[in-house]
Amino acid sequence: MVTIRKHRAADGIHYEIDDVAHYVQTLRERGIEAPKRGYRIFIPYEKSDQDIRQPAIDFESQVKLFFKLSPATGIECEVVEA
Amino acid sequence: MATIDEPITVTVDPAVDSAGAMLRNVAHQLLHTGRLDDLPWICTHDSAPDDLLLELCDLGLYLDELGHRSGPRQLLERLADQHHYPEAIITLASNLYLDPNEPTDSFAAFISRHADSGWTLESLARLEPSSAAKADAFLTAVKNHPDAKRILQVVESRRFESEAETATDPTAIERLYATRDPRVWRALSGNRSVPRDVLEQLASVTGVSNAADIRDRARRNIAMQ
């Protein structure tokens, strides 16, 4: 299970991989190229206020896709609010 | 993973930004800051947008990673025509050769542009084209290649192999067996019309490529007779 942590900070909402080493290992075990750097998805509050309540797309699915965690990989993944 | 580095932040608008837009954002940050070592992660990403892949291709970056993608087609065309990238040439040539919906003219023009690629010609020689016209265009391209003789032998072997899979005439079977071509023998070993004495010889064959497979198939065929 790979966990993406959703964290509400003073300036906006952040999404980050919770255990990067486990995430990288999980991707590599499946032959998937893993990132060499850490990434943080950031939604400033001015965006989140107006858009997060009714996003036009399933935003958290897009976050999973960004981290190469689509259902097709077979990797279990959850977004957990910190 | 560079754990000592601060994570790269991707600022998004959740109403409109897809994974592809986030990847475009990341790629441009990496390019602008010269941190190119993470571009392979993006080049191999299923959600990477086509325009970004084309941009990276035009920059000549990580062509190996881009060249192992199955598409988009425009990327493969640029890799083939601008960078002469072998895997892209083979992938496109094979698609054009095998797909009945691809016009012969497109295949002929493409293979004519890449007729110096012996690897591509040899790969195509092992395939059954979607039309006789494409087979002719292929043979025209092969004719002027320095390895034409060897490539044409591969074509002939493939034709014999195809014939051996379904041959029923004992004279034809005998002729095909006499080729001593392991691919032809393998095809004969699974053909229910092959006489028992030929199958018995195939069931004890050694010293050729795929000998174990040929023996297994022949033995199974004998057992079913």
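Domain bounds here come from an automatic or database domain assignment. Keep that in mind for the first stop. The model itself is predicted.

**Stop 1: chain B.** Select residues 1-69 of chain B and colour them. This is domain 1. Now find the centres of domain 1 and domain 2 of chain B. Taken over C-alpha atoms, they are 33 Å apart.

**Stop 2: confidence in chain A.** Switch to chain A and colour by pLDDT. The mean is 86. Of the residues in chain A, 87% reach 70 or more. Where is confidence lowest in chain A, and where is it highest? Select helix 2 of chain A, residues 45-51: here lies the lowest confidence, with a mean of 63. Then select helix 1 of chain A, residues 20-29: here confidence is highest, at 95.

**Stop 3: where the chains touch.** Show both chains. Chain A brings 29 residues to the contact, and chain B brings 27. On the chain A side, pick out helix 1, strand 3 (39-44), helix 2 and helix 3 (59-66); each gives two or more residues. Which element of chain A gives the largest share? Strand 3 of chain A does, with six residues. Colour this side of chain A by class. You will find 17 nonpolar residues, eight charged and four polar.

**Stop 4: a pairing across the chains.** Finish by zooming in on A:Y39. Its bridge partner in strand 1 of chain B is B:I8.

Terms used: Residues are numbered from 1 along each chain as its sequence is written. Chains are lettered from A and ligands numbered from 1 in the order in which they are written. This is a predicted model: local features need pLDDT of at least 70, side-chain atom pairs count only at pLDDT 80 or more; totals for chains, interfaces and linings use all residues. pLDDT is the predictor's confidence in each residue, from 0 to 100. Helices (H or I, at least four residues) and strands (E, at least two) are DSSP runs, numbered from the N terminus. Two residues are in contact if their C-beta atoms, placed from the backbone, lie within 7 Å. Ala, Val, Leu, Ile, Met, Phe, Trp, Tyr, Cys and Pro count as nonpolar, Asp, Glu, Lys and Arg as charged, and the others, Gly among them, as polar. Two strands pair if DSSP finds at least two bridges between them.
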